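I opened this notebook to record what I looked up in one structure. My entries follow in the order in which I made them.

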Amino acid sequence: MSSAVDEIDIAIIGAGIVGIAAAAYLVEAGRKVTVFDRTGICEETSSGNAGAFAFSDVLPLAHKGMMRNVPKWLADPLGPLTIPPAYLPKLAPWLYRFWRAGAPANYEASLAAQAGLMKLAEQEWASLMARSGTGSMLREDGSLELYESEAEFKAALPSWAARDRFGIAYQHLEKRELAGYQPGLVDRFTRGTFVPGWKTVSDPKDLGKAIWRHAEASGAAFIKGDVGLVRLSGDRILIQLKQGRTLFARQVLIAAGAWSHLLARQLGDVIPLETERGYNTTLPTDAFDVKRQLIFSGHGFVITPLATGLRVGGAVELGGLARAPNYARSKAMLEKAQKFLPGLDPSGGREWMGYRPSLPDSLPVIGGSRSHPNVHYAFGHGHLGLTQAAATGRLVRDRMLGQKPALDLTPFRHNVSDARYLHGAPFLLLYRRPHLRQSGAAGGGRRPPPRRFDDDGTAGAFPRRIRLDPHRADVRAARP
């Protein structure tokens, strides 16, 4: 175990697509960047997503159509949305914020911010792919969203009308037209919507690694290690790996996806991040001739043709970071795919589960810590991490270099996002401070120690204080 201490310029914690896109933008601007990750470049959630540049997907998840379907979906343990019953108490504060995000004023603000970010995302991906030589990985086939009844189609019309306000192109299709966009569909689909501006990539993991090679060629470095501690140390930020190595950085970007809020909490920032666990099965490329990404919104999953296979997946399981995967969800989507594409060969598939970092208003955190001007955040993109990675990299670069950002970052500041849903929720404050419910606390009795949620979603005491020993370069843990 090394006790050596290194000092670096910019440390990026997280080598998913958001972190490596930020690294690419920063090294292009002449900064020295070191990326940390426990597994490798684009090896976790960014490796197995649906591969979409979903630039038209501007609606926050808490829109009326989503909320209307929630009770029906929750009734099906293998449906588009599920919450393990044992996880529901921990999830309650997030669910309340999610419900508040659907209020008209909040929804409209999130919609406008998301649309602005998507416009920038399309521009920045085109530029980054040109600079990195990855343009050949882009597929511009559009997407086809399918409806099983006229009622389902009509229920979706308000969401398409919302897109009209932002100039998003689409074309509604009659049943007779569907076969021209995707031969072999079962007869049950009565309407469809084609979105020409929807794009996909040949494989999201391959694209991420190619962007990293571009960043590495410009000077970016990678350290494999699991970051267990981030602390302020004067005008620097201390980083300690669980493997024992200690480093100091002038600036830090936390882009660790679904684990980011755990690091932010160490810096005093409480961010209402939850985990959307997504599932998929990747079949061999010849399983079915799918022409473009197919979206079955009523069932919460998509089918994407990739260069590396046919990927069937999606859905949302709000279940935290510690529960074992429930691959029955992957199997349920694959069974539906067989019904929707009767000629589909389901054999030879690879099942996968990933952790999407999700905030109640569907907007990512792009900004800085309240505790230190040189700590920056870029996480919480939900199922849009790939889509918004280049735009996030651009905004992070602008902010870290002291330049005017290409977008107003106010909607993406975590303190604004958090406070927006706390108004009128006193019961949540009681929920999160259980000692306030006790008569002893009200009468001046001794309060139990504050609590935190550990990595596994359970409550525990705050961690031991971390003290810097002036006579040593490494970090020691000392009991209070």
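I looked up the contacts of Ser330, where contact means heavy atoms within 4.5 Å. Leaving aside neighbours within four places in sequence, Ser330 contacts Tyr279, Asn280, Thr281, Glu351 and Trp352. Ser330 lies in helix H9, residues 328-340; helices are DSSP runs (H or I) of at least four residues, and strands (E) of at least two, numbered from the N terminus. Ser330 counts as buried because its relative accessibility is 0%; buried means under 20% relative accessible area (1.4 Å probe, protein chains only).

I noted that this is a predicted model, in which local features need pLDDT of at least 70 and side-chain atom pairs count only at pLDDT 80 or more, while totals for chains, interfaces and linings use all residues. Residues are numbered from 1 along each chain as its sequence is written, and side-chain values use heavy atoms, with hydrogens and water left out.

Next I looked up a nonpolar core, a set of buried Ala, Val, Leu, Ile, Met, Phe, Trp, Tyr and Cys residues joined through side-chain atoms within 4.5 Å. The largest has 48 residues, of which Ile12, Val33, Phe53, Trp125, Leu207 and Trp212 touch the most other members. Helix H1 (17-28) is among the elements that give this core two or more residues, and H1 supplies the largest share, ten residues. A second, separate core has 31 residues, including Tyr279 and Ala337.

Last, I checked Leu207. Residues up to four places away in sequence not counted, Leu207 touches Phe53, Trp125, Met129, Thr134, Met137, Val201 and Leu386.

Technical notes:
Buried means under 20% relative accessible area, exposed over 50%, partly exposed in between (1.4 Å probe, protein chains only).
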